[in-house]
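We will go from one stop to the next together.

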Amino acid sequence: MIRSEILRDIAPVLRDHLVVCNIGLPSQELHMIDDNAKNFYMLGTMGLASSIGLGLALAQDKTVISIDGDGSVLTNLGTLSTIANNVADNYILMIIDNGSYGSTGDQPTYAGRKTRLEKVAEACGCENVVTCRGEDTGETLQAAIDSGKMTIIVVKCDSGNIKLPVITMDPVVIRDRFMKAVAD
């Protein structure tokens, strides 16, 4: 199962929650699958979807789900320590670990070799860390939402991309409609 198939499967679960989605192809895929004002599509700033999602969760009570990639988390490993030390029980970080930098041409990441992001998250002090296969993501995500506890989910899946256009929506429009969804 590849990332776009996972996003298609979990779109109905995501729909009712605030979502901060990783740059590049993950945002493009989510936009194509289920464009929603509650989705904040990152168009830049690799490695910051998890940090922005945590900040949003700490600022209000709605459930916030950050969708990040193994490559992005590897570029900002400090985010896992920050998450562990600033618990927000309305926050879920879902790391789609396909062992590659998917948006830049599927170059391999160290998560595809020896580095285990679930172990890194635990070593940083994250208490609720779950690993699942791509096909189990929907059930695992729903269980994390239902638990009411901050959770890190590491989704193991295959590398691969579908061809699709870039998001043509103006970044200011993305920001403004997301801010309105947060306020509602």
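Before the first selection, one definition: two strands count as paired if DSSP finds at least two bridges between them. Keep in mind as well that this is a predicted model.

Start with the sheet. It is open and has six strands, in the order E2-E1-E3-E4-E8-E7, with parallel pairing. Now colour strand E2 (39-41) and strand E7 (129-133): they stand at the edges with a single partner strand each, so one side of each has no neighbour in the sheet. Look along the sheet, too: its neighbouring strands are turned by 20° against each other on average, direction ignored.

Next, select residues 18-21, strand E1, together with residues 64-69, strand E3. The two run parallel and are joined by four bridges. Which residue in E3 is the bridge partner of Cys21? Show Ile67, and you have found that partner.

Now bring in the helices. Select residues 25-34 for helix H2, which lies across E1, E2 and E3 and runs at about 140° to E2. Then take residues 49-59, helix H3: this helix lies across E1, E3 and strand E4 (91-97), at about 170° to E3.

For the last stop, go to the loop between strand E8 (151-156) and helix H8 (171-183), and pick Pro165 there. Is Pro165 buried or exposed? Its relative accessibility is 63%, and exposed means over 50%, so Pro165 counts as exposed. Finally, draw a distance from the C-alpha atom of Pro165 to that of Leu25: the two residues are 140 residues apart along the chain, and the separation is 9.2 Å.

Note on methods:
Residues numbered from 1 in each chain as written. Predicted model: local features only at pLDDT ≥ 70, side-chain atom pairs only at ≥ 80, totals over all residues. Heavy atoms only, no water. Axes fitted to C-alpha atoms, helices over the stretch in contact; angles between N-to-C directions. Contact = heavy atoms within 4.5 Å. Buried < 20%, exposed > 50% of the residue type's maximum accessible area, 1.4 Å probe, protein only.
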